[in-house]
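User: I am new to this structure and would like to learn how to read its features. Can we take them one at a time?

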Amino acid sequence: QVQLVESGGGLVQPGGSLRLSCAASGSTFSLYGLDWYRQAPGKQREWIAAISTGGSTNYADSVKGRFTISRDNAKNTVYLQMNSLKPEDTAVYYCHAEMTFSRTTLIDYWGQGTQVSVSS
């Protein structure tokens, strides 16, 4: 079992920055692909960023150029650096870890989320 705990959320003004962290338990962190999702009230959960076991990254168009996902396997942690924040970035942010084989998800885990609020 892997447990994920997000931190770093809070209130920030438009144009500001915030860095989210997601710390994982266990000894197999390096074997998981990692993602960040977000969900605003009344909306579907939205995928926003991913980083593979090899370090390749992908981003949703809504955050491309503003957000950066990274991982530190030695610390069992994935980060989301958020710059140039907009009010529409307000949401609960969740980290996700998955192990895949042949394009099939073998097992995955979700964190409990951290609130990010962007407001003047």
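Analyst: Begin with a loop. This is a predicted model, and R103 sits in the loop that joins strand 9 and strand 10. S102 belongs to the loop between strand 9 and strand 10 as well.

User: Is R103 buried or exposed?

Analyst: Residues over 50% relative accessible area count as exposed. R103 has a relative accessible area of 89%, so R103 is exposed. S102 is exposed too, at 59% relative accessibility.

User: What should I look for in the backbone of this loop?

Analyst: Look at phi. Most residues other than glycine have a negative phi. Here S102, which is not a glycine, has a positive phi of about 50°. R103 is also a residue other than glycine with a positive phi, near 65°.

User: Which residues make the nonpolar surface patch of about 320 Å²?

Analyst: F101, L106 and I107 make this patch. I107 is placed in strand 10, which covers residues 104-110.

User: Which members of the largest nonpolar core touch the most other members?

Analyst: The largest nonpolar core has 30 residues, and W36, V78, L80, M82 and Y93 touch the most other members. Several strands each supply at least two residues of this core, including strand 4 (33-39), strand 8 (77-82) and strand 9 (91-101).

Methods. Residues numbered from 1 in each chain as written. Predicted model: local features only at pLDDT ≥ 70, side-chain atom pairs only at ≥ 80, totals over all residues. Heavy atoms only, no water. Core = buried A, V, L, I, M, F, W, Y, C linked by side-chain atoms within 4.5 Å. Buried < 20%, exposed > 50% of the residue type's maximum accessible area, 1.4 Å probe, protein only. Helix = DSSP H or I, 4+ residues; strand = E, 2+ residues; numbered from the N terminus. Patch = residues over 30% accessible without salt bridge, like charges linked within 9 Å, V, L, I, M, F, W, Y side chains within 5 Å. Areas by Shrake-Rupley, 256 points an atom, 1.4 Å probe, with all protein chains shown as cover. Salt bridge = Lys/Arg side-chain N within 4 Å of Asp/Glu carboxyl O.
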